[in-house]
Amino acid sequence: VTIHTIATDITAAPKCRWDVVLAGDLWYERLFAGRATAWLRALATNGCLVLLGDMRRNYFPRQGVAELARYAVATSVDVEREPITAGIVWRMLPNGITAAVS
């Protein structure tokens, strides 16, 4: 597998150039989270497999995602509330497909 990185803002380009997009820890700040979620949803709607890694942060989308896997992750209580938290892998669903996050 070859992995290429891009160091520019690509969220203005909803056309899917990739087969798979991996995104993680994007949902800390409301404005960026909304922009990133809209872009990732557009990619999923255009046929891209979009996989997300997140612990259900405040601005993580509550609909239109499906949980694929859950892992116990050791954390620092200085950063998180608990010493162990759930690291979750999600799939971004295309527009028109809904699944609620509990």
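Author: Let's start with R70 and E67, which form a salt bridge whose closest N and O atoms are 2.8 Å apart. Keep in mind that this is a predicted model. How exposed are the two partners? R70 has 45% relative accessibility and counts as partly exposed. E67 comes in at 38%, so it counts as partly exposed too.

As for the general idea, side chains of opposite charge can pair when their charged atoms come close. With a cut-off of 4 Å between a side-chain nitrogen of Lys or Arg and a carboxyl oxygen of Asp or Glu, the count comes to two salt bridges.

So which residues make the other one? Those are R35 and D9, whose side chains meet with N to O at 2.2 Å. Here R35 sits in helix 1 (residues 30-45), while D9 belongs to the segment before strand 1 (20-24), so the pair ties together parts that are 26 residues apart in sequence. R35 is partly exposed, at 43% relative accessibility.

Now for a stop in a loop. Y59 is in the stretch between strand 2 (49-54) and strand 3 (65-74). Its relative accessible area is 35%, which makes Y59 partly exposed. What does Y59 touch, leaving out residues up to four places away in sequence? The list is W27, Y28, E29, R30 and A33. From Y59 to M92 you go 33 residues along the sequence, and the C-alpha to C-alpha distance is 15 Å.

Stepping back to the fold, the protein chain has one helix and four strands, and from the N terminus they come in the order β-α-β-β-β. The radius of gyration is 14 Å, close to the 13 Å from the globule rule for 102 residues, so the chain is as compact as a globular protein of that length. Along the principal axes, its C-alpha trace spans about 40 × 30 × 30 Å.

What about contacts across the sequence? Of those with a separation of 6 or more, 62% are between residues 24 or more positions apart. Buried residues make up 30% of the 102.

Conventions
Residues numbered from 1 in each chain as written. Predicted model: local features only at pLDDT ≥ 70, side-chain atom pairs only at ≥ 80, totals over all residues. Heavy atoms only, no water. Helix = DSSP H or I, 4+ residues; strand = E, 2+ residues; numbered from the N terminus. Rg over C-alpha atoms; globule rule 2.2 N^0.38 Å. Buried < 20%, exposed > 50% of the residue type's maximum accessible area, 1.4 Å probe, protein only. Contact = heavy atoms within 4.5 Å.
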